[in-house]
Amino acid sequence: MARHIKTGDMVKVIAGTDKGKTGKVLKIISDKDRVIVEGINTVWKHVRPSQRYPQGGRIKKDAAIHISNVLPVEPTSGQATRVRFVEKSDGKHRIAIKNGADLGRVGK
């Protein structure tokens, strides 16, 4: 299924406590329709002492948000835009609704 968001995209949050913030997509969890965005929805995770965290304590971590709460940011204007899918000779492309900018191919 084609997604309007890909890993590495700059996105803007359109709903929730971090509404209006922008960040880079680090990971997409497709079976749950969620994304992890850098610097968005940060939570404290309490960890026990281990080899990785010898002291234990609290660490900040980016939590997932629903994919419907983010829109891709078009590179030219920096505004959030919805996406249209257009079939071209080399495959399916994501096209920005606002100005028709090509946001890249879908898939590999």
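**Strands, core and rings**

A: Let us begin with one pair of residues in a predicted model: Ile28 has Val35, in strand 3, as its bridge partner.

Q: How many bridges do strand 2 and strand 3 share, and in which sense do they pair?

A: In general, strands of a sheet pair through backbone hydrogen bonds, in a parallel or an antiparallel manner. Here strand 2 (residues 22-29) and strand 3 (residues 34-37) are antiparallel, with four bridges.

Q: Which residue is the bridge partner of Arg34 in strand 6?

A: The partner of Arg34 is His66. Strand 3 and strand 6 are joined by three bridges, again in the antiparallel sense.

Q: What is the strand order of the open sheet of five strands?

A: The order is 6-3-2-1-7, and the pairing is antiparallel.

Q: Which residues make up the largest nonpolar core?

A: The general idea is that nonpolar side chains tend to be buried together in soluble globular proteins. In this model the largest such core has ten residues: Ile5, Val11, Val13, Val25, Val35, Val37, Ile40, Ile65, Ile67 and Val70. At least two of the core residues come from strand 1 (10-13), and at least two from strand 3.

Q: Which residues does Val35 touch, leaving out those up to four places away in sequence?

A: With that exclusion, Val35 touches Lys27, Ile28, Ala63, Ala64, Ile65, Ile67 and Val70. Its contact Ile28 is also its bridge partner, while Ile65, Ile67 and Val70 belong to the core along with Val35.

Q: What is the strand order of the open sheet of three strands?

A: The order is 8-9-10, with antiparallel pairing. Strand 8 (83-88) and strand 10 are at the edges with a single partner strand each, so one side of each has no neighbour in the sheet. The twist from one strand to the next averages 30 degrees. Strand 8 and strand 9 pair over six bridges, whereas strand 9 and strand 10 (residues 102-105) are joined by three. His93 can be read from both sides: Val86 has His93 as its bridge partner, and His93 stands opposite Arg105 in strand 10. Strand 9 and strand 10 also form a hairpin with five residues between them, and Gly100 in the turn has a positive phi of about 80 degrees.

Q: Is Gly91 buried or exposed?

A: Gly91 lies in strand 9 (residues 91-96). Its relative accessible area is 14%, and buried means under 20%, so Gly91 counts as buried. Beyond residues up to four places away in sequence, Gly91 touches Val86 and Arg105. Gly91 and Val106 are 15 residues apart in sequence, with a C-alpha to C-alpha separation of 7.5 Å.

Q: How many aromatic pairs does the structure hold?

A: The number is zero. Rings can also be read against charged side chains. Arg58 lies over the face of Trp44, 4.0 Å from the ring centre. The charged end of Lys92 sits over the ring of Phe85, at 5.7 Å from its centre.

Technical notes
Residues are numbered from 1 along each chain as its sequence is written. This is a predicted model: local features need pLDDT of at least 70, side-chain atom pairs count only at pLDDT 80 or more; totals for chains, interfaces and linings use all residues. Side-chain values use heavy atoms; hydrogens and water are left out. Two strands pair if DSSP finds at least two bridges between them. Rings of Phe, Tyr and Trp (its six-membered ring) pair if their centres lie within 6.5 Å; planes under 30 degrees apart count as stacked, over 60 as edge-to-face and the rest as tilted. A charge sits over a ring if NZ of Lys or CZ of Arg is within 6 Å of the ring centre and within 35 degrees of the ring normal. A nonpolar core is a set of buried Ala, Val, Leu, Ile, Met, Phe, Trp, Tyr and Cys residues joined through side-chain atoms within 4.5 Å. Buried means under 20% relative accessible area, exposed over 50%, partly exposed in between (1.4 Å probe, protein chains only). Contact means heavy atoms within 4.5 Å. Axes are lines fitted to C-alpha atoms, for helices over the stretch in contact, and angles run from 0 to 180 degrees between N-to-C directions.
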